[in-house]
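Look at the model below, and keep the sequence at hand. The paragraphs that follow go through its sheet, some of its helices and its aromatic rings.

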Amino acid sequence: MDKTIAVLEGDGIGPEIVREALKVLKAIETKYGHRFTLNHAPFGAAAYFTEGSPFPEGTKAICDEADVIIKGPVGLAVEKMNEIPPEHRPEIGAILPLRRRYDTFANYRPVRLPKGLASFSPLKPELIGEGIDILMIRELVGGIYFGDKLEGPQTGMRYAKDDCTYTDDQVRRVAIVAFEEARKKACPLTNIHKANVLATSRFWNQVVDDVAKSYPEVPYRSLLVDNAAYQLVKYPRGLNGVVLLENMQGDILTDEAGGIIGSLGLMPSACVGPEKSYVEPAHGSAPDIAGKNIANPYSMIGSIALMLERCLGLPDEARDVWEALFHVFSQGYTTVELAEGESETRKVLTTSEFGDAVVGNISRKA
């Protein structure tokens, strides 16, 4: 396979964890005989200060020409972020435009914690049980994040407004993605909503219920978002399977899921569109630890596995990366943020050591 990949390292720990992910990608490239051409481009808060935009025109051109995009986290320390006008902050001026530009409507976030790694979770081991294995699928280009906004001097009054709108097409296409995944995995699908209050949620449910009729073999239920938040902590493995969420509710619950498995550093992500996709870790840029070689690169490396499988159609290569990642933990290693409360038998790896260990596992496996 010969593919061109845009690499947006981002800010903070972004360059460090992207570096480890690219080491892993190189190991896959060598092992399987692929050719990946990497084109680096600025993106995020630092890009605003150097280029005048968090998503420069040159970066857009590189992304347009790429087959897929690797994106690191964005954001600098608070004092630097305060120097950026609201419309140029990376959340508004880079991330949302990236999603809109490539219509990356389906966000895949696997939440995986095997029984043997239950000690990573702040929950009691009996709540983890035989393990957590949830695939959260979040709608990513609709809802309140992309609705019209009114605030500040624009209103002439002391109020602000965010519009939340969903169309039939937007809900239907992400619901089909979720049901297809549930059918493929032979697992239940849980639809999350707030239909007791929100009109958009009632509409969302009507469309999802309609899609469900085409998948009679998939066990299907709907759950209020507040109850889902409770169940994630009270009985997380009860949500094993596929979980479908709208944009803002998905943003919140996927972070909660990272908390129950011990770290957002264990939350990779793929943002998939009809023609182009990008992958990214679900966590922030952690500028306070940038340059210290202590960030957990699992989420970024796991995002490479998602890229191989979801974006490039390379399931064997993706499986190789996943197995290598979990083998690092099974060998008794951990990372700094997961080490608290761990037994002294686990060795804490630096960012680069973790990447080297994953590469070593890939290279040793025949």
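Two strands pair if DSSP finds at least two bridges between them. Helices (H or I, at least four residues) and strands (E, at least two) are themselves DSSP runs, numbered from the N terminus. This is a predicted model, in which local features need pLDDT of at least 70 and side-chain atom pairs count only at pLDDT 80 or more, while totals for chains, interfaces and linings use all residues. Residues are numbered from 1 along each chain as its sequence is written, and side-chain values use heavy atoms, with hydrogens and water left out.

Start with strand S5, residues 131-139. On one side, S5 pairs with strand S4 (residues 106-114) in the antiparallel sense, over nine bridges. Within this pairing, Tyr-108 stands opposite Ile-137 in S5. S5 also runs parallel to strand S10 (residues 241-245), and five bridges join the two. Here Met-136 stands opposite Val-243 in S10. Strands of a sheet pair through backbone hydrogen bonds, either parallel or antiparallel.

How buried is S5? Buried means under 20% relative accessible area, exposed over 50%, and partly exposed in between (1.4 Å probe, protein chains only). Eight of the nine residues of S5 are buried, so the strand is largely enclosed by the rest of the structure.

Now widen the view to the sheet. It is open and consists of 10 strands in the order S2-S1-S3-S12-S11-S4-S5-S10-S8-S9, with mixed pairing. Its edge strands, each pairing on one side only, are S2 (35-40) and S9 (220-224). From one strand to the next, the twist averages 25°. Axes are lines fitted to C-alpha atoms, for helices over the stretch in contact, and angles run from 0 to 180 degrees between N-to-C directions. S9 is joined to strand S8 (residues 189-193) by five bridges, and the two run parallel. The bridge partner of His-193 in S9 is Leu-224.

Helix H8 (residues 199-212) packs on the sheet, touching S5, S8, S9 and S10, and its direction makes about 160° with that of S8. Contact means heavy atoms within 4.5 Å. The buried residues of H8 include Trp-204, Val-207 and Val-208. Among the elements that cover the buried residues of H8 are helix H7 (168-185) and helix H10 (247-260).

Helix H11 covers residues 298-311. Of its 14 residues, 11 are buried, so H11 is largely enclosed by the rest of the structure. The expected span of a helix is 1.5 Å times one less than its number of residues. After H11 comes Gly-313, whose phi is positive, near 65°.

The last topic is the aromatic rings. Rings of Phe, Tyr and Trp (its six-membered ring) pair if their centres lie within 6.5 Å; planes under 30 degrees apart count as stacked, over 60 as edge-to-face and the rest as tilted. By this rule there are nine aromatic pairs. In one of them, Tyr-48 and Phe-49 are edge-to-face, 5.3 Å centre to centre with 75° between the planes. The ring centres of Tyr-298 and Phe-329 are 5.9 Å apart and their planes are at 35°, so this pair is tilted. The pair links distant parts of the chain, with Tyr-298 in H11 and Phe-329 in helix H12 (residues 315-330), 31 residues apart. Both Tyr-298 and Phe-329 are buried. Together with Phe-120, Phe-326 and Phe-354, they form one aromatic cluster.
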